[in-house]
There are 2 protein chains.
Amino acid sequence: MATASGGAPMNRLGFLLAVRGAITDARVRSALGVTGLSPRHAMTLMYLDDAGPVSQQKLAELLAVDPSQLVAILNDLERDELARRRRDPADRRRHIVEITSAGATTLQITSTALTRCEDELFADLTQNERELLSGLLNRIRTADGQYNC
Amino acid sequence: MATASGGAPMNRLGFLLAVRGAITDARVRSALGVTGLSPRHAMTLMYLDDAGPVSQQKLAELLAVDPSQLVAILNDLERDELARRRRDPADRRRHIVEITSAGATTLQITSTALTRCEDELFADLTQNERELLSGLLNRIRTADGQYNC
DNA sequence: TATTGTTATACTCTATAACTATA
DNA sequence: TATAGTTATAGAGTATAACAATA
């Protein structure tokens, strides 16, 4: 046996990474569920909190999502008053997006949940090893150098 | 700024791993596309090649997929004559699944494509670093100690 | 009554193309 | 004519519950 494949699937780094990533995604998703936010919602709030008010176009670029997908995310966030859109007076085609104070509060709760989730996932790794993992992941060659999400 | 979130999303190891995993999954999927196999199809062939004939139940366990999902995978593989099901004479409820020689050939092509894909993704990592990454990923705590896919 | 495999269904996430309004 | 954002639609992938055949 084991003639053609080069062994079991999980000897393949590509598969291993994809699978562990999917498990992590599911866990993160479930952890964020306490606030009803998806990872993309949470990432959006994080960017808004981190970078301040930006246009939707710029935000879509940061998140590496299609502008049309960002619309739905912002609709949700705005409905829950976690973020706010306003027209750019200088160019009325543009929306300027910003986080609200309720958004910042929710982000903090999210952040706590995320930290607990990570501490479970990476419980067997030291802080050093987590940083090592982070560094290695950041050196994977993506098609566009973007993050996606 | 940057008050509530603890920085941009990609400072979060959970998000980073989920996102890099998704990118890797997409690349692997596209690379495997040359044979028309999905990652799960390919993993199935790998397990069959590696472990020899097994029951569907056992195979579902190895792949960590629901038995009902394995049905569709095996239907595809059997249609293309890459794998074969036969009744277990000892217990006619059981199917014994095995890879065909055409399946082994396809697996080899798949394997080559996968290697090339991995070499692109991990081009900036040395062999040592790839093994390091693999080791770290294997020490992530999954809910059930299973691989999923 | 329990187990093996199957069918049918529905849901989540995402990708894409066509549309509206402003410039 | 080009750009910013929006709407509508379709697709892939997956999860789940009910079902049939055999033990």
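Biologist: Which residue in β3(B) stands opposite V54(B)?
Modeller: That's V97(B). Bear in mind that this is a predicted model: local features need pLDDT of at least 70, side-chain atom pairs count only at pLDDT 80 or more, totals for chains, interfaces and linings use all residues, and side-chain values use heavy atoms, leaving out hydrogens and water. Residues are numbered from 1 along each chain as its sequence is written, while chains are lettered from A and ligands numbered from 1 in the order in which they are written.

Biologist: How many bridges join β1(B) to β3 of chain B, and which way do they run?
Modeller: Two bridges, and the strands run antiparallel, with β3 covering residues 91-99. Strands here are DSSP runs of E with at least two residues, helices are runs of H or I with at least four, and both are numbered from the N terminus. Two strands pair if DSSP finds at least two bridges between them.

Biologist: What's the strand order of the open sheet in chain B?
Modeller: β1-β3-β2, three strands with antiparallel pairing. The edge strands are β1 (54-55) and β2 (83-88), each pairing on one side only.

Biologist: And how do β2(B) and β3(B) link up?
Modeller: Through a hairpin of two residues. They pair in the antiparallel sense over six bridges, and R84(B) stands opposite E98(B) in β3(B).

Biologist: OK, chain A. What's the strand order there?
Modeller: β1-β3-β2, an open sheet of three strands with antiparallel pairing. In chain A, β1 (54-55) and β2 (83-88) stand at the edges with a single partner strand each, so one side of each has no neighbour in the sheet. V54(A) stands opposite V97(A) in β3(A), and R85(A) of chain A also stands opposite V97(A). β2(A) and β3(A) form a hairpin with two residues between them.

Biologist: Switching topic: how many residues of chain B and chain A are in contact?
Modeller: 63 residues of chain B contact 64 residues of chain A, where contact means heavy atoms within 4.5 Å. The two chains bury about 6400 Å² between them, 65% of it on carbon and sulfur atoms. Buried area is the accessible area (1.4 Å probe) that two parts lose on being put together, summed over both.

Biologist: How many salt bridges across that interface?
Modeller: Six by the rule, which wants a side-chain nitrogen of Lys or Arg within 4 Å of a carboxyl oxygen of Asp or Glu. The side chains of E129(A) and R139(B) meet in a salt bridge, at 3.0 Å from N to O.

Biologist: And over all chains?
Modeller: 28 salt bridges. R27(A) and E120(A) meet in a salt bridge at 3.9 Å, N to O. R27(A) lies in helix α1 (residues 13-32) of chain A and E120(A) in helix α5 (residues 101-121) of chain A, so the pair ties together parts that are 93 residues apart in sequence.

Biologist: Last one: how much space lies in the second largest pocket?
Modeller: About 210 Å³. On a 1 Å grid over the protein atoms alone, a pocket is an open set of points where a 1.4 Å probe fits, with protein on both sides within 12 Å along at least five of seven lines; lining residues have an atom within 4 Å of a point. Points are joined across faces, edges and corners, and the volume is the space filled by probe spheres set on them.

Biologist: Which element supplies the largest share of its lining?
Modeller: α6(B), with four residues. The lining includes M10(A), R12(A), F122(B) and R130(B).
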